[in-house]
Amino acid sequence: METLDLIIGAVVLVGLLTAGLAVGLVRRGRDTARRTLGRRPGQDAGGSGDDGHLPGVGDDAEVPRDSATRTIDTLPAPDLELPEEPAEPTGPARERPEPVAGRLVRLRERLARSNTALGRGLLALLSRDTIDEATWEEVEDTLLLADLGVGPATELVDRLRLRVRTLGERDPQRVRALLREELLAVVDPSMDRTLNTSRPADSPGHPAVVMVVGVNGTGKTTTVGKLARVLVAENKDVVLGAADTFRAAAADQLATWGERVGVPTVRSDREGADPASVAFEAVKVGTESEADVVLVDTAGRLQNKAGLMDELGKVKRVIERTTPVSEVLLVLDATTGQNGLKQAAVFSQVVDVTGIVLTKLDGTAKGGIVVAVQRELGVPVKLVGLGEGPDDLAPFDAEAFVDAILA
Ligand SMILES: Nc1nc2c(ncn2[C@@H]2O[C@H](COP(=O)(O)OP(=O)(O)OP(=O)(O)O)[C@@H](O)[C@H]2O)c(=O)[nH]1
């Protein structure tokens, strides 16, 4: 009997050992398969310096079983895609954005190549032997052609004429200096152009939220991408929200901008998903990850579609359930002149625009739109787009701008 018990015990033990070994082998096989699937093309089994057990940077890593359990209220809405953690770039090496200081100098270089540049036209007129009434009219026309707007153009000519006459000034260098002063006055150096990207003091624990709005094709998505780089260059942690859900490609475009500098993007893969819920989720992710700034890209809205404009208002209200919106930046294409101004007015009725981003300033010799749009909205131009390059976005500075015009 005892012998029989011993034999049964031994058989059970061997059985258990065999089963354990089999489970171990299957697990190990699955892990190996996962690592292989997760590997990007070009990475061999021993590559990326891994020891054969850890995934390489950017590979899918299985969530450890002992990682914190997420409660229901931290789960994303079903159609949203949260950024993978960590936000390491998966493509080429992470780019280092160029420093921001002095970028506006590029405008001077670009305008210098233009034959129709505003400053050159004005200086040619003012260096004539006689500056008579006809000349002043030509000065005014030149300013109007440069999209300065009637009010500021008349103002500038009246003041300049008075000073040139009163001082009896004929020296070209002095006339140039007077012109500079008057141009600067209409561009208005006293406006506060600071971009508010500091965490809000009145909403502790939340990131600054910047909403970017504007009509299709003005350069919104590109601006969000460039702005993310500016902030990364300032060592800020950024999260992007792809609330342009009209076009899935817009989210792809935004995510690509982010990946280049290691910034995560919250997005929905479903075209037409609720933009407000994407924006809300982006702010939530930004808060949970203790980001400094959340940049929310919105769909290009045609200003005559009242329903769509209402939706934009909703995006803002939904964000504000969590935390105040620090900046609403309206992106305008500098090459569209008066049309851009009409768009600007409609947008400012729906959301309180706090700053203008004037894109494609490299594509026009008409810098006057800066003045016109500020007058129209009473809101400062804070950033300007100077090209299609990733770092072609410059903080606007009135003096540097006028100097670029007069270069
Ligand atoms: N030359 C120049 N091109 C720019 C500038 N900013 C943006 N662009 C170009 O303008 C085009 C439109 O830019 P997007 O960022 O896609 O415009 P969007 O407003 O987001 O458009 P939707 O996504 O359709 O709403 C792209 O080809 C950009 O490269 C700029 O400052 N200068």
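Predicted model: local features only at pLDDT ≥ 70, side-chain atom pairs only at ≥ 80, totals over all residues.

User: Fine. With that, is R163 buried or partly exposed?

Analyst: R163 is partly exposed, because its relative accessible area is 26%.

User: And which residue does R163 form a salt bridge with?

Analyst: E181, with the closest N and O atoms 2.8 Å apart. A salt bridge here is a side-chain nitrogen of Lys or Arg within 4 Å of a carboxyl oxygen of Asp or Glu. E181 is in helix 6 and R163 in helix 5, so the pair ties together parts 18 residues apart in sequence. Helices are DSSP runs of H or I with at least four residues, strands are E runs of at least two, and both are numbered from the N terminus.

User: What does E182 pair with?

Analyst: E182 forms a salt bridge with R159, at 2.7 Å between the closest N and O atoms. E182 counts as buried because its relative accessibility is 3%, whereas R159, at 44%, counts as partly exposed.

User: How many salt bridges are there in the whole structure?

Analyst: A search finds 19. Another one of them joins D252 and R267, again with a closest N and O distance of 2.8 Å. D252 lies in helix 8 and R267 in strand 4 (residues 265-268), so this pair ties together parts 15 residues apart in sequence. Also, E95, R229, R260 and D391 are joined into one network by salt bridges that share partners.

User: Switching to D147: where is it?

Analyst: D147 is in the loop between helix 4 (133-145) and helix 5 (150-167). D147 is buried yet has no salt bridge, and the nearest side chain of opposite charge, K366, is 4.3 Å away. For charge, Lys and Arg count as positive and Asp and Glu as negative, with His and the chain ends not counted.

User: What about D244, which residues does it touch?

Analyst: Not counting residues up to four places away in sequence, D244 touches A250, D297, T298, A299 and G300, where contact means heavy atoms within 4.5 Å. D244 sits in the loop between strand 3 (238-243) and helix 8 (248-260), and counts as buried because its relative accessibility is 8%.

User: OK, ligand. Which residues come nearest?

Analyst: Of the 20 residues around the ligand, T221, T222, R247, D362 and E388 come nearest; being near takes a heavy atom within 4 Å. An N or O atom in the side chain of T221 is 2.8 Å from a ligand oxygen.

User: What do L386 and G387 do there?

Analyst: A polar backbone atom of L386 is 3.4 Å from an oxygen atom of the ligand, and a backbone N or O atom of G387 lies 3.3 Å from a ligand nitrogen.

Methods:
Residues numbered from 1 in each chain as written. Heavy atoms only, no water. Buried < 20%, exposed > 50% of the residue type's maximum accessible area, 1.4 Å probe, protein only. Polar contact = N/O pair within 3.5 Å; in protein donor to acceptor, adjacent residues only side chain to side chain.
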